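Work through the exercises below with the sequence and coordinates at hand. Each task is followed by its solution.

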Amino acid sequence: MNGHFDHDDTGDLVASPTKIPVPDDIADAIRTLIRWTGDDPAREGLIDTPQRVARAWKEYCQGYQDDPAQHLARVFEEVGGYDEIVLLKDIPFQSHCEHHMAPIIGKAHIAYLPSNWVVGISKLARVLHAYARRLQIQERLTAEVANCIWDNLKPQGVAVVIEASHACMTARGVRTPGVSMVTSRMMGIFRDDERSRKEVLALMGVGKVA
C-alpha cells in the first residue's frame with residue numbers, strides 16, 4: 001500500500017486529504033516563535049513543525065469559513081403536536097482563547113422552546129462548532145450561539161449554558177487546574193418566566209446559573 005489512503009469510519013479506503021500549502025511568511029513566523037521560546041527551528045524534530053502548526057491552526061479556526069445560520073435553514077413543521085423544550089446537552093467542543101490562543105475545552109447545553117417548527121437536533125451542535133472554531137471568549141461564544149438560534153428559528157425561548165476549562169488559566173498565569181467557567185444566555189420565555197427557566201436548567205442538570 002502506497003500510504004496515500006486511510007480508512008473512513010466504515011472501514012473503507014479513502015484518499016487522504018490534500019495538504020494545504022503554507023505560505024512562506026506564515027512558516028517564517030512560526031520559526032520565529034520557536035526561536036523566541038529558546039529552541040532551534042532547524043533541528044530535526046522541528047524542521048516540519050511550522051507547516052504542521054500552520055495547518056493545525058487553519059483546522060482549529062475553520063469556523064471562519066462556516067456560516068452558522070445555514071445550519072438552521074431547513075426546518076420541520078410536522079412534529080406531531082410537540083410543543084415542549086428541545087434540549088441537546090453535554091455537547092463537547094474545543095475553542096481557543098483570543099487573548100493567549102490557548103485551548104478552551106468544555107461542553108455546552110443548548111435548548112429552545114419551538115414556536116411552529118423544529119430543526120434537526122444535530123444542527124444545534126453544528127451551530128456551536130461553527131462559532132467555537134474561531135478565536136473566542138466564552139462569554140461571546142455563549143451569546144453568539146443563543147442569538148443565532150433566536151434569530152433564525154424564531155422560538156419562544158432559547159437557553160444556552162457552557163461549561164469550560166481555559167488553558168490560559170490552568171496551564172499558565174495562576175496555574176489553577178481543575179476549575180471551570182460557566183456562562184449562560186437566556187432569551188424569550190426562559191428569561192422572562194422563572195418557572196420555565198428553572199425547568200430548562202433542571203433538564204440541563206446545571207443548577208441555577210441565571
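In the protein chain, residues 24 or more positions apart account for 64% of the contacts (heavy atoms within 4.5 Å) with a separation of 6 or more. The model is predicted, so local features need pLDDT of at least 70, side-chain atom pairs count only at pLDDT 80 or more, and totals for chains, interfaces and linings use all residues. Residues are numbered from 1 along each chain as its sequence is written, and side-chain values use heavy atoms, with hydrogens and water left out.

**Exercise 1.** Find how many helices and strands the protein chain has, and what share of its residues is buried.

Solution. Take helices as DSSP runs of H or I with at least four residues and strands as runs of E with at least two, numbered from the N terminus. The protein chain then has seven helices and nine strands. Next, call a residue buried under 20% relative accessible area and exposed over 50%, with partly exposed in between (1.4 Å probe, protein chains only). Of the 210 residues, 35% are buried.

**Exercise 2.** Describe helix α1 and the placing of its buried residues.

Solution. Start with the span: α1 covers residues 24-37, and its 14 residues reach 20 Å from first C-alpha to last. The expected span, 1.5 Å times one less than the number of residues, is 20 Å, close to that reach. Then list the buried residues: Ala 27, Ile 30 and Ile 34. Seen down the axis of α1, they fall within an arc of 60° (directions from the helix axis to the C-beta atoms), so they line one face of the helix. Their cover includes α2 (49-60). The face turned away from the buried side carries exposed Asp 24, Asp 25, Leu 33 and Trp 36.
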